[in-house]
Amino acid sequence: MNSLYWGAENPQSLPLRFCKQIDDEYMAGSCYTGFFAAANQYVKDSAKRESVCNAAPDVWQSSCRKQLFLNRS
């Protein structure tokens, strides 16, 4: 996943599409958590952080907002 996102130099759609393809719940969770951690490290603009979470599947948006320290739940 990290090589797909490459420090936020590639579009966020790539790792999200990749994670969505994973059927195993644990592995999918690891994928999304890894993506959110990378976004937390490289995306500093709050509007862009919100965009990352909004692009994530609904079931992962709350987790994303927690990892990216966004106030909305």
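Colleague: Is F69 buried or exposed?

Modeller: F69 is exposed, because its relative accessible area is 64%. Exposed means over 50% relative accessible area, buried means under 20%, and partly exposed lies in between, with a 1.4 Å probe and protein chains only.

Colleague: What kind of model is this, and how are residues numbered?

Modeller: This is a predicted model, in which local features need pLDDT of at least 70, side-chain atom pairs count only at pLDDT 80 or more, and totals for chains, interfaces and linings use all residues. Residues are numbered from 1 along each chain as its sequence is written, and side-chain values use heavy atoms, with hydrogens and water left out.

Colleague: Where is F69, and what is its phi?

Modeller: F69 sits in the segment after α5. Its phi is near 55°, which is a positive value in a residue other than glycine.

Colleague: How many helices and strands does the chain have?

Modeller: The chain has five helices and zero strands. Both are DSSP runs numbered from the N terminus: helices are H or I with at least four residues, and strands are E with at least two.

Colleague: What is the radius of gyration, and what would a compact globule have?

Modeller: The chain has 11 Å, which agrees with the value near 11 Å for a compact globule of 73 residues. The radius is taken over C-alpha atoms, and the globule rule is 2.2 Å times the number of residues to the power 0.38. Along the principal axes, the C-alpha atoms fill a box of roughly 30 × 25 × 15 Å.

Colleague: What percentage of the residues is buried?

Modeller: Buried residues account for 33% of the 73 residues. The chain exposes about 4,700 Å², of which carbon and sulfur atoms supply 51%. These areas come from the Shrake-Rupley method with a 1.4 Å probe; for residues, only the protein chains shown count as cover.

Colleague: Turning to α5, which of its residues are buried?

Modeller: In α5, the residues Q61, C64 and R65 are buried. Seen down the axis of α5, they fall within an arc of 95°, so they line one face of the helix. The arc is that of the directions from the helix axis to the C-beta atoms. On the other side of α5, V59 and K66 are exposed.

Colleague: What covers that buried face?

Modeller: The cover over the buried residues of α5 includes α3 (25-42) and α4 (46-55).

Colleague: Why does Q61 count as buried?

Modeller: Q61 counts as buried because its relative accessibility is 14%. It belongs to helix α5, residues 58-67. Leaving aside neighbours within four places in sequence, Q61 is in contact with C53, N54 and A56. Contact means heavy atoms within 4.5 Å.

Colleague: And F36, what does that touch?

Modeller: Not counting residues up to four places away in sequence, F36 touches A56, W60, S63, C64, Q67 and L68. F36 lies in helix α3 and is buried, with a relative accessible area of 0%. The C-alpha atoms of F36 and R49 are separated by 9.4 Å, and these residues are 13 apart along the chain.

Colleague: Which residues of α4 are buried?

Modeller: The buried residues of α4 are R49, E50, V52 and C53. Seen down the axis of α4, these fall within an arc of 155°, so they line one face of the helix. A47 and K48, on the other side of α4, are exposed.

Colleague: What is the relative accessible area of E50?

Modeller: E50 has a relative accessible area of 18% and is buried.

Colleague: Where does V43 lie?

Modeller: V43 lies in the loop between α3 and α4, and at 8% relative accessibility it counts as buried. V43 touches Y5, A8, K48 and R49, not counting residues up to four places away in sequence.

Colleague: Lastly, how many positive and negative side chains are there?

Modeller: There are 8 positive and 7 negative side chains, and the centres of the two sets lie 7 Å apart. Lys and Arg count as positive and Asp and Glu as negative, while His and the chain ends are not counted. The place of a charge is taken as NZ of Lys, CZ of Arg, CG of Asp or CD of Glu.
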